[in-house]
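Q: Hi! Could you walk me through this structure in plain words?
A: Happy to, let's take a look together.

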Amino acid sequence: ASPDGGHDAEQAKSAMDKKGGEQTGKMLTLDVDENKRSHTTKRAIPTPNIPEPMPPNLAFMFTKISPEQKMYMWNIYTMIFCLECLSIVMYWALLKYGVVSFAASTSIYGFVMIVLCIQNVYILHDVIHGATFPPYEWQNYITHPFADFISIPWMDLIMEHNRHHNSTFDLLNHGEFG
């Protein structure tokens, strides 16, 4: 397995071995100078900061997420979205049928939505990093309907998040991303 626990590196290696070990395209080649910096951007090639030896309590951070874990994350995210929708229906029902006062109804709704929205942010962030592509096409559209009047498209969110990680000053300054 590769350093992240995945099998992508092994697959790429075995494909190279089948072709006699020579690289036929530019996909796997690094165009660097004698200082191991990119000819195009003059930045150092990123290397993961994997601690040696690996402490057992950090090993999970460097393992690739399994398909079962991806499905679990998307299922939890979908459940949170459904609960957010149901909380709107609950608020409507509390107001419509006058079970409790307006202030109590709003307080109950506000508390429930605050808790769900916080969980939404945390799970969404984990999904962005670990299970970027949803298992079902319709899940592309449930990521941000409560963030604006119009849902933010999933791929725009992914691209903006990746841009954030690639341009965060402190990470660049410490050489984490090149």
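Q: Where does Asn120 sit?
A: Asn120 lies in helix α3, residues 102–130. Helices here are DSSP runs of H or I with at least four residues, strands are E runs with at least two, and both are numbered from the N terminus.

Q: Before we go on, what kind of model is this?
A: This is a predicted model, where local features need pLDDT of at least 70 and side-chain atom pairs count only at pLDDT 80 or more, while totals for chains, interfaces and linings use all residues. Residues are numbered from 1 along each chain as its sequence is written, and side-chain values use heavy atoms, leaving out hydrogens and water.

Q: Thanks. Is Asn120 buried or exposed?
A: Asn120 counts as buried because its relative accessible area is 10%. Buried means under 20%, exposed means over 50%, and partly exposed is in between, using a 1.4 Å probe and protein chains only.

Q: And which residues does Asn120 touch?
A: Leaving aside residues up to four places away in sequence, Asn120 touches Tyr77, Ile80, Glu84 and Thr143. A contact means heavy atoms within 4.5 Å.

Q: How do α2 and α3 run relative to each other?
A: They are roughly antiparallel, a label for angles over 145 degrees. The axes of α2 and α3 cross at roughly 165 degrees and come within 9 Å. Those axes are lines fitted to C-alpha atoms over the stretch in contact, with angles from 0 to 180 degrees between N-to-C directions.

Q: What about Cys85, where is that one?
A: Cys85 is in helix α2. Cys85 is partly exposed because its relative accessibility is 29%. Between Cys85 and Met113 there are 9.6 Å in space, C-alpha to C-alpha, and the two are 28 residues apart in sequence.

Q: New topic: which residues touch the most other members in the largest nonpolar core?
A: In that core of 15 residues, they are Trp74, Tyr77, Leu124, Val127, Ile128 and Trp154. At least two core residues come from each of α2 (67–97), α3 and α4 (154–167). A nonpolar core is a set of buried Ala, Val, Leu, Ile, Met, Phe, Trp, Tyr and Cys residues joined through side-chain atoms within 4.5 Å.

Q: What does Val127 touch?
A: Not counting residues up to four places away in sequence, Val127 touches Met73, Trp74, Tyr77, Thr132 and Trp154.

Q: Last one: how many helices and strands are there?
A: The chain has five helices and zero strands. Of its 178 residues, 20% count as buried.

Methods. Angles under 35 degrees count as roughly parallel, over 145 as roughly antiparallel, 65 to 115 as roughly perpendicular and the rest as oblique.
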